[in-house]
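Let's take a friendly walk through a protein chain, one feature at a time. Have a look at the picture before reading on.

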Amino acid sequence: MWDLRNSMSPVKEFVGHTKGVLGMSWCPQDHSLLLSCSKDNRTICWDVATTDVVCELPSSGNWNFDVQWSPTMPGVFSTSTFDGKVSLCNVLECTTGSAVESFNADFSVTSAAGDVRPLKQPPAWLKRPAGVCFGFGGRLVSFTNIKQQVTDPMTGQVRPVDSGAVSISQVVTEQRLVEHSEAFEAAVSGRDRAALQELCAHKATDAAAAGALDESETWTFMGVLFGDDARRQLLARLGFADALSAGAPAAAAGNGNGDAGGALAAS
């Protein structure tokens, strides 16, 4: 295979035929597939990218002097022989290997098809035109492959060009969970103690309504920690309200005696 822009050496070499090539055809649906037929009675489908043999037709009684891909039916191609016969083949069903010849004891030759060679990669017309996959955090990744007709500015010919697009979107499956998460993030980012206390009170109410008393008590204690006098409210919540009320007059009296002693010392 040659590139006329650099005709010093061939771009690729396809090794398989032992005699002159009579016909070739490029697949219009997948430009990586190339058909060839030659005088050695072999019709081969090549992978242009790797120069490997994708499939080969069984040998016939006469040469195939021409091969052509169908312009409308992907994977279907025709062969014509010198005895006036035209055969239709499908590349998906033509995955047998090369013919294997064996010599018998009576010096006769037995020809048999080689091992089956499944396609290494699907042809372009079998590739998925679109796909979707879920990711972490409710992300949804989708892709689409679109074939567009583009006019070549150099030659003016219209040729198909594959273009793809990948999009990432957020899928909300539980709206209530999203709302709670947004409210928590807003309260934490603002560092508003009143908002955090209100959030804890709301969560405690929801837990109590659902019958989760332990969870409700936990949220209540967390809300107390965001109060102004968190220590006194926490002790009161734990059941030490009487001790706090009894210790208040003693603390006031102690403060009074201290003030009086200070006044005497000053005098």
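## The overall picture

Helices (H or I, at least four residues) and strands (E, at least two) are DSSP runs, numbered from the N terminus. Counted that way, the chain has five helices and twelve strands. This is a predicted model, where local features need pLDDT of at least 70, side-chain atom pairs count only at pLDDT 80 or more, and totals for chains, interfaces and linings use all residues. Residues are numbered from 1 along each chain as its sequence is written, and side-chain values use heavy atoms, with hydrogens and water left out.

How much of the chain is buried? Of its 267 residues, 22% are buried (under 20% relative accessible area, with exposed meaning over 50% and partly exposed in between, using a 1.4 Å probe and protein chains only).

## Helix α2 meets helix α3

Two packed helices are described by the angle between their axes and the distance between the axes. For α2 (residues 193–209) and α3 (residues 213–225), the angle is about 170 degrees and the axes are 8 Å apart. Here, axes are lines fitted to C-alpha atoms, for helices over the stretch in contact, and angles run from 0 to 180 degrees between N-to-C directions. The two helices are therefore roughly antiparallel (over 145 degrees; under 35 is roughly parallel, 65 to 115 roughly perpendicular and the rest oblique).

Which residues of α2 and α3 meet? Among them are Cys 200 and Ala 204 from α2, and Trp 219 and Met 222 from α3; contact means heavy atoms within 4.5 Å. The residues of this contact divide into seven nonpolar, four polar and three charged (Ala, Val, Leu, Ile, Met, Phe, Trp, Tyr, Cys and Pro count as nonpolar, Asp, Glu, Lys and Arg as charged, and the others, Gly among them, as polar).

## Helix α3 meets helix α4

Next up is α4 (residues 230–237), whose axis comes within 8 Å of the α3 axis and crosses at roughly 155 degrees. That makes α3 and α4 roughly antiparallel too. The contact includes Phe 221 and Val 224 of α3, along with Leu 234 of α4. Its residues divide into five nonpolar, two polar and two charged.

Most residues other than glycine have a negative phi. Asn 41 is not a glycine, yet its phi is positive, about 65 degrees. Look for Asn 41 in the loop between β2 (33–38) and β3 (43–47). Is Asn 41 buried or exposed? Asn 41 is buried, with a relative accessible area of 19%.

Thr 51 also has a positive phi, about 60 degrees. Thr 51 sits in the loop between β3 and β4 (52–56) and is partly exposed, with a relative accessible area of 25%.
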